[in-house]
Amino acid sequence: MLTLSACSGSDAGGPEESSYADGEGISVEVHPRLAHAGEDPAPADAAAYVIDAKLDEAEEGVEVQLQVDGEAGWTVVDEAETDAKGRASLTSAESGEQRVVTTDEDNPLGVHFDPAEDSPAPTMTDDFVDSIGAWVTRAQGYAGVRMCSRADDRAVRVKDGLLRLSVLDDPQRGLCTHKGERYAYRLNGHIGSEAFHIFRFGYAAARIRFQSPRGQHGAFWLQSYGLGTPGPASRTGAEIDVIEYFGDEHPQGGLTSFVYWTPPGGKSQTQGSWIADPEQYGEDWSSKFHVFSVEWTPREYVFRIDGEITRRIREGVSGQPEFLILSLLSSDYELQHIEDDELPVHMDVDWVRVWETPKTLKGERKASRGQGSPGRR
């Protein structure tokens with residue numbers, strides 16, 4: 001999907017409402033507020049809704065506009081061209097009556113909706129105003145792939161409305177030996193929501209400004225209590241790595257999304273990879289905040305950066321409640337990429353939000369606008 005530059009404040013260039021049947025030949029799926037790139041912290045409600053439009057007769061290169069009805073009439077807030085499957089992704093930070101229309105005078109199409117009504121309501125929001133609240137530091141000690149680091153409360157703090165996770169020297173230990181090299185033992189910021197919030201199916205998003213140097217990776221991920229137990233993911237759950245970032249100078253771009261689960265037989269399975277061509281979604285991961293999200297249904301995971309789809313995974317789909325994790329972890333295989341005197345390193349989180357969609361428990365989805373839906377005039 002190709003999203004073009006917004007034209008906020010310009011006059012609407014779409015057809016008159018009388019020139020098309022509302023929702024005939026075009027539909028939209030309205031997602032929550034999942035898009036907000038920027039240098040400054042901002043409330044979760046300042047993020048933009050994500051609107052996925054679809055032409056029934058797929059055609060590439062059709063211009064569509066997202067317009068908002070206001071005092072000055074219909075105003076364009078975003079525009080895009082459809083891909084080969086007739087799809088286009090748009091964003092709007094506005095509420096109230098809106099429409100997606102084509103600009104082709106010979107074949108006008110349009111569909112009306114209200115994103116506040118047609119997207120799920122948030123069920124959990126944490127904007128870290130003055131404390132970490134009920135988040136808890138996870139019990140991860142010097143073990144596994146992190147023999148030289150451990151989680152610690154001292155690597156977690158809230159200041160000026162931001163959660164800051166850090167990698168710090170561990171002042172209580174000396175040096176750790178890994179593959180013949182010696183490194184300072186490290187403390188990691190590593191917290192989870194298992195004590196206060198779990199959910200099954202819906203959207204989870206976090207607005208994050210990642211660390212710059214290599215030598216540790218920031219992450220936003222979900223995990224189930226049954227992780228590692230052999231069985232179908234629908235019964236035992238999965239680890240859902242919404243996003244990981246391995247630093248500005250990583251040769252593969254630094255961003256990954258993965259899913260891990262243990263099917264019957266006990267051999268762990270993995271789906272996912274490095275995000276290809278990450279510059280199409282942004283290239284300022286350590287200098288700006290971006291919204292990283294997953295849409296989790298009984299059929300698939302859809303990963304997004306600021307509303308743009310980066311990957312779909314249809315294997316290892318968890319059917320169990322999952323909790324949220326935010327972390328900045330220094331794993332042993334990364335230690336050689338940063339000198340001890342370059343510590344501390346920081347990752348900032350502006351907010352975290354969950355939108356639960358319990359109807360998907362029965363395999364249902366909220367109806368899209370269009371496809372014969374009534375619409376509003």
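Analyst: Residues 24 or more positions apart supply 71% of those contacts in the protein chain that have a separation of 6 or more. The model is a predicted one, and its protein chain contains two helices and 29 strands. The chain has a radius of gyration of 22 Å, close to the 21 Å that the globule rule gives for 377 residues, so it is as compact as a globular protein of that length. Its C-alpha trace spans about 75 × 45 × 35 Å along the principal axes. Of the 377 residues, 54% count as buried.

Now the disulfide. The structure holds one, and it joins Cys148 to Cys176, with an S to S distance of 1.9 Å. A disulfide is a covalent bond between the sulfur atoms of two cysteines. The link of Cys148 and Cys176 is left-handed, with -60° about the S-S bond. Cys148 lies in the loop between β11 (136-137) and β12 (149-151), while Cys176 belongs to strand β15, so the pair ties together parts that are 28 residues apart in sequence. Both Cys148 and Cys176 are buried.

Strand β15 covers residues 175-178 and pairs with strand β16, residues 181-184, in the antiparallel sense over four bridges. Within this pairing, Thr177 has Arg182 of β16 as its bridge partner. Two residues lie between the strands of the hairpin, and Lys179 takes a positive phi near 50° there.

Strands β8 and β9 run antiparallel and are joined by four bridges. In this pair, Arg99 stands opposite His112 of β9. Strand β9, residues 110-113, is covered on both faces: Gly110 and His112 are buried on one side, and Val111 and Phe113 are buried on the other.

Thr102 is found in strand β8, which runs over residues 98-102. This threonine has a relative accessible area of 1% and is therefore buried. Its side chain reaches two backbone atoms: the oxygen of Asn107 at 3.5 Å and the nitrogen of Leu109 at 2.9 Å.

The side chain of Gln65 makes a polar contact with the side chain of Gln67 at 2.7 Å.

Last, the confidence of the prediction. The pLDDT of the protein chain averages 91, and 91% of the residues score at least 70. Over residues 362-367 the pLDDT stays under 50, and the model has 10 contacts beyond four places in sequence for that stretch. Residues 372-377 also have a pLDDT below 50, with 21 contacts in the model beyond near neighbours in sequence.

To return to the request: the disulfide joins Cys148 to Cys176, both of these cysteines are buried, and strand β15 pairs with β16 in the antiparallel sense.

How values were computed: Residues numbered from 1 in each chain as written. Predicted model: local features only at pLDDT ≥ 70, side-chain atom pairs only at ≥ 80, totals over all residues. Heavy atoms only, no water. Pairing = 2+ DSSP bridges. Buried < 20%, exposed > 50% of the residue type's maximum accessible area, 1.4 Å probe, protein only. Polar contact = N/O pair within 3.5 Å; in protein donor to acceptor, adjacent residues only side chain to side chain. Disulfide = S-S within 2.5 Å. pLDDT = per-residue confidence, 0-100. Contact = heavy atoms within 4.5 Å. Rg over C-alpha atoms; globule rule 2.2 N^0.38 Å.
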